[in-house]
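Me: I've got this model open and want to talk through how it packs. Can you help me read it?

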Amino acid sequence: MIKYTQFQKCVIQVCLDQAIFASVTTIIYYIMMGFMEEKSFDKGLNMLKDKFLVTMQYNWILWPIAQYINFIYVPILYRTFFDNFVTFWWNMVLSYVSFAV
């Protein structure tokens with residue numbers, strides 16, 4: 001059994017989150033936005049193609065740092081609160097990227 005330090009565990013968790021969860025949820029977000037705005041599936045895919053990379057770049061700026069702070073410094077009792085706080089700001093960034101002309 002491999003013993004990991006707290007920092008190594010944090011790096012593994014953040015990498016998995018960014019590699020799997022972030023890209024999948026971003027894809028789902030843009031496809032669902034296409035449906036909710038009563039656009040066709042093709043328009044949702046076009047929005048995804050146009051904005052996926054920019055969205056992921058903002059994601060890679062914000063979330064690894066936030067998750068590092070959350071996993072290393074925030075007590076377990078407050079992790080959900082901290083995550084919700086960062087998510088509030090992330091939603092503003094996502095809205096800006098989604099609707100920027």
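Me: Which residues are exposed on the other side of H3?
Reply: Phe81 and Tyr96 are exposed there. Keep in mind that this is a predicted model.

Me: OK, and what are the buried residues of H3?
Reply: Those are Val86, Trp90, Leu94, Val97 and Ser98. They sit on the same side of H3, because they cover an arc of only 115° around the axis.

Me: What covers them?
Reply: The cover over the buried residues of H3 includes H1 and H2.

Me: How many residues does H3 have, and how far does it reach?
Reply: H3 has 21 residues and reaches 30 Å from its first C-alpha to its last, close to the 30 Å expected at 1.5 Å a residue.

Me: Switching topic: what makes up the largest nonpolar core?
Reply: Ten residues: Tyr30, Met33, Met47, Leu48, Trp63, Ala66, Val86, Trp90, Leu94 and Val97. Helix H1 (6-36), helix H2 (41-72) and helix H3 (79-99) each give two or more residues to this core.

Me: Take leucine 48 from that list; what is it in contact with, leaving aside neighbours within four places in sequence?
Reply: Leucine 48 is in contact with Thr26, Ile27 and Tyr30.

Me: Last one, asparagine 70. Is that buried or exposed?
Reply: Buried, because its relative accessibility is 5% and the cut-off for buried is under 20%. Asparagine 70 is in helix H2.

Me: And what does asparagine 70 touch, not counting residues up to four places away in sequence?
Reply: Asparagine 70 touches Arg79, Phe82 and Asp83.

Technical notes. Residues are numbered from 1 along each chain as its sequence is written. This is a predicted model: local features need pLDDT of at least 70, side-chain atom pairs count only at pLDDT 80 or more; totals for chains, interfaces and linings use all residues. Side-chain values use heavy atoms; hydrogens and water are left out. A nonpolar core is a set of buried Ala, Val, Leu, Ile, Met, Phe, Trp, Tyr and Cys residues joined through side-chain atoms within 4.5 Å. Buried means under 20% relative accessible area, exposed over 50%, partly exposed in between (1.4 Å probe, protein chains only). Helices (H or I, at least four residues) and strands (E, at least two) are DSSP runs, numbered from the N terminus. Contact means heavy atoms within 4.5 Å. The expected span of a helix is 1.5 Å times one less than its number of residues. The arc is that of the directions from the helix axis to the C-beta atoms.
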